[in-house]
Amino acid sequence: MMKLFVSEGNPHCLKVLAALEASGVQCDVQVVSHEEKPVPFLSCPSVPALLLPNGQHLFSPNAICRYMFEVSGQECIELCDQWLEWEATDLQPALLHALHMAVLQGKASDVPKVLAGPLSYLDQNLNKATTPYLTGDVLSVADLVLWAALHPVLSESSLALGEHKSVRLWFDRVASSQSCVSAAQKVLQGKGLQALKSFMQRQPAPQSSQCRGTQSCNSSPAEDEEGERAVSHEEMEAAALTWNKIVKDCLPTAERLHPILPQEGKRNILLTSALPYVNNVPHLGNIIGCVLSADVFSRYGRLRGWNMLFVCGTDEYGTATENKAREEGLTPQQICDKYHAIHASIYQWFQIDFDFFGRTTTEKQTEIAQNIFWRLHKNGFLVEDTVEQLRCENCQRFLADRFVEGTCPHCNYPEARGDQCDKCGRLINAVELKAPHCKVCSQTPVIRSSKHLFLDLPKLEAQLEQWLERSTGTGDWTSNAKQITRSWLRDGLKPRCITRDLQWGTPVPHPDFKEKVFYVWFDAPIGYVSITANYTDKWEKWWKNPDQVEMYNFMAKDNVPFHSVVFPCSLLGAQDNYTLVNHLIATEYLNYEDTKFSKSRGVGVFGDMAKDTGIPSDVWRFYLLYVRPEGQDSAFSWADMALKNNSELLNNLGNFINRGGMFVSKFFDGCVPAMELLQEDKKLLALVGWELQQYIQLMDKVKIRDALKHILNISRHGNQYIQVNEPWKKIKGGDAERQRAGTVTGVSVNVACLLSVMLQPYMPAVSQTIRDQLNAPHSCVNTMLQGTGAFTCVLGVGHRIGTVSPLFQKLEVDQIEALKKRFGGQQPEDEPPQKKTASQSATSAPTPGDTGVAVTAANSAADPEKARQLTQAVAEQGEKVRALKAQKADKAVVTVEVTKLLGLKQQLALAEGKSPESAPAKGKKK
């Protein structure tokens with residue numbers, strides 16, 4: 001029989017108890033405390049939780065409710081799922097904020113404002129409905145879940161929540177059912193909101209920095225705080241007991257021994273970051289979207305004592321690599337070697353601590369990709385079909401999308417690519433282009449049929465949906481990941497082509513397709529597996545061990561379908577016990593100021609440029625994580641970066657840590673003084689302990705940006721504590737005042753020690769500097785992040801600290817303005833050469849001495865075909881020059897390439913029937 005774990009005063013338990021009675025499912029119910037951990041592999045409390053007969057657990061309240069209804073034979077339709085998603089992603093954050101204000105802060109009058117938006121949305125939908133319940137004529141799981149969520153506030157008469165007549169009618173209708181009456185009595189026991197107090201005190205503070213409502217994604221985590229949290233006497237005494245605990249049997253942090261393999265009895269996490277494409281230099285948005293976010297979670301997991309393997313590498317096959325090789329006059333392998341080294345160097349500077357950073361152009365990639373292919377083929381999940389494609393007879397090859405350009409059939413833009421028009425944004429089938437031409441030789445291609453292999457996604461759809469139900473129900477998937485995946489499934493999956501007519505890729509081993517390679521989005525995710533196989537020959541212990549291994553995937557949202565649909569289908573179809581993703585973490589997009597990053601236009605900071613700004617990598621890490629686009633798109637801003645550096649790092653965090661250390665050095669000869677705790681000290685300990693617990697809960701859920709605010713909150717509490725107690729004055733007084741100065745100083749440096757641990761995932765170099773300055777014992781600091789968090793006195797009486805010095809430097813206005821100008825776009829002389837259309841090539845641009853009137857070129861020696869080829873050559877050479885400049889290449893090398901560019905331009909002028917002197921000169925402005 002199933003077993004359901006619930007706790008009194010937990011509003012989420014209202015849902016599951018109501019669903020249990022309404023569904024009629026037989027289940028043993030066990031009442032436990034809020035701190036209970038019925039799910040053995042979770043490090044934090046997880047109530048409610050449902051233990052299934054097969055030994056698996058469900059610990060998402062909505063997933064439990066849905067499961068109960070399905071077990072009883074009541075299907076959950078799509079509209080029901082939509083309401084459950086809305087409740088989890090929109091209603092719950094607002095409710096958490098409202099309950100926090102009403103129950104803990106005594107601000108019931110502010111609750112209507114917080115709930116106005118969700119209640120109005122629900123009221124509008126109910127007003128339009130023609131049925132008594134959310135999804136039809138009968139009570140559904142969606143009705144019970146929303147009723148339970150709203151019951152604590154809508155049943156509280158003291159909260160004036162406005163009319164919302166349709167909501168009230170619906171709520172009263174649902175509330176009258178016996179299942180709801182019974183659930184409310186068991187959980188709240190007639191005590192109303194006060195029944196929730198114990199539960200609410202253990203919850204994270206309202207996550208106002210999730211970019212909901214009108215708050216800016218770049219706003220300070222402290223800007224929306226509702227004032228200092230109330231602390232009870234019991235909390236203070238509990239914090240003091242924890243503080244005085246002696247850390248026993250504390251072993252040094254174990255060094256990573258490679259190869260890292262799964263261990264029995266440990267939480268084994270396989271962590272992947274989306275493979276960056278090798279043909280370009282990553283910009284700040286690429287870095288925060290995958291590798292930096294994954295690095296933070298990986299470092300955090302190691303501090304928690306989890307057994308982590310963090311792998312990544314460059315994705316090296318495909319059309320873009322061939323294009324880049326052609327542009328730079330190198331072979332595809334040479335391009336891969338060059339840019340793999342650039343990527344590795346950039347990530348090293350950003351302190352991305354991979355266990356292994358590999359690449360996809362390896363024998364292991366071929367071996368594993370072909371094995372998966374043959375298993376799919378054997379199991380009947382591949383189908384053949386014929387596709388019309390453009391073929392260049394001159395080059396003797398079918399043209400991949402990036403190798404063909406032409407006029408857009410929708411907006412007539414003359415330089416649309418074979419897959420998409422950059423002007424109107426419409427997707428294009430290459431055969432639809434008007435006046436297409438091959439980008440290699442400029443010849444006009446012809447339409448030919450080509451036979452390809454497709455992954456039969458419709459045949460795998462049922463398996464995929466069953467797996468997704470389990471993975472999204474029990475794992476931490478970001479809401480955008482779930483929404484994007486659902487949109488793919490909504491209209492039914494279509495077969496997806498897995499082969500391409502290219503030369504640079506993993507060869508298709510089938511004899512009928514021997515001239516083709518695998519399509520990059522079939523091939524690239526398999527890179528995770530082959531990179532692990534290049535790391536250890538025991539790779540299957542990670543990749544074919546789903547019962548012992550959890551997998552986290554980090555990426556930007558545009559990569560979601562390939563990780564949630566295409567790659568899982570490939571592995572499910574292979575039927576080889578592969579480990580599938582349990583937690584899919586996707587960010588939104590990071591923009592640059594008010595525009596997009598663009599290497600060609602010189603807009604934005606790219607990875608290889610950050611080092612040259614003189615700003616330490618830890619500061620870059622901090623700011624990118626501060627504005628991490630978790631809930632919606634955010635933007636990098638130079639002015640905001642300077643503000644956050646100067647206010648949060650310099651004046652808040654750095655100021656607090658430096659003050660405590662300086663007081664020890666100056667007033668107590670470098671040794672931590674004796675500490676006698678008063679109530680206000682215990683209050684600080686309780687506040688800091690609570691912030692630590694919230695940090696752990698949020699980081700466990702990969703809320704990286706939200707967790708950062710709790711670090712900054714602790715240093716704010718610390719600064720206020722020092723300011724109120726004024727140890728620099730008390731040290732000059734009598735014995736009692738000197739004792740007080742000692743206590744404040746000792747507590748402060750211990751808070752600083754805790755901050756060094758919490759900062760380690762975000763700012764590893766700064767974290768180590770703090771530990772060095774405090775001479776913190778390496779063997780004990782990690783104990784603070786075990787379990788739900790424990791703020792203990794690590795630096796005891798008599799502990800000698802090291803040399804204290806400032807941690808951060810101010811970013812000056814003129815420095816920031818110079819950097820903003822430098823990365824704000826190209827100067828006129830750096831503009832990319834414009835390709836000419838047939839009509840444009842008949843005229844020349846005005847020379848500096850012209851009056852501005854175009855001069856008609858009527859030279860009989862014009863050679864249109866040669867002009868077309870030279871136009872292409874000029875564009876490619878111009879790209880090469882810009883790339884060299886962007887990479888800060890040696891001036892002599894740049895000069896040689898510029899000379900080549902000028903020569904090509906002169907040849908182009910002649911081919912167009914112009915005098916070389918009439919070509920526009922691009923010199924510096926006088």
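With which residue does E393 form a salt bridge?

**View 1. The salt bridge of E393 and R391.** In this predicted model, E393 pairs with R391 in a salt bridge, and the closest N and O atoms of the two residues lie 3.7 Å apart. E393 is partly exposed, with a relative accessible area of 35%, whereas R391 has a relative accessible area of 18% and is therefore buried, since buried means under 20%. Side chains of opposite charge can pair when their charged atoms come close.

**View 2. The salt bridge of R304 and D700.** The structure holds 37 salt bridges, and one of them joins the side chains of R304 and D700, with 3.0 Å from N to O. This pair links distant parts of the chain, for R304 sits in the loop between α10 (284-303) and β6 (307-314), while D700 belongs to helix α23 (residues 679-700), 396 residues apart. Both R304 and D700 are buried.

**View 3. The salt bridge of K544 and D576.** The closest N and O atoms of K544 and D576 are 2.5 Å apart in this salt bridge. K544 lies in the loop between α18 (540-543) and β17 (549-556), and D576 in the loop between α19 (560-574) and β18 (583-587), 32 residues apart. D576 is buried, with a relative accessible area of 18%.

**View 4. The surroundings of L453.** L453 is found in strand β13 (residues 446-455), where this residue is buried, with a relative accessible area of 3%. Leaving aside residues up to four places away in sequence, L453 touches several residues, among them F373, V383, I498 and F513. L453 and I498 are 45 residues apart in sequence, yet their C-alpha atoms are 5.9 Å apart in space.

Note on methods:
Residues numbered from 1 in each chain as written. Predicted model: local features only at pLDDT ≥ 70, side-chain atom pairs only at ≥ 80, totals over all residues. Heavy atoms only, no water. Helix = DSSP H or I, 4+ residues; strand = E, 2+ residues; numbered from the N terminus. Buried < 20%, exposed > 50% of the residue type's maximum accessible area, 1.4 Å probe, protein only. Contact = heavy atoms within 4.5 Å. Salt bridge = Lys/Arg side-chain N within 4 Å of Asp/Glu carboxyl O.
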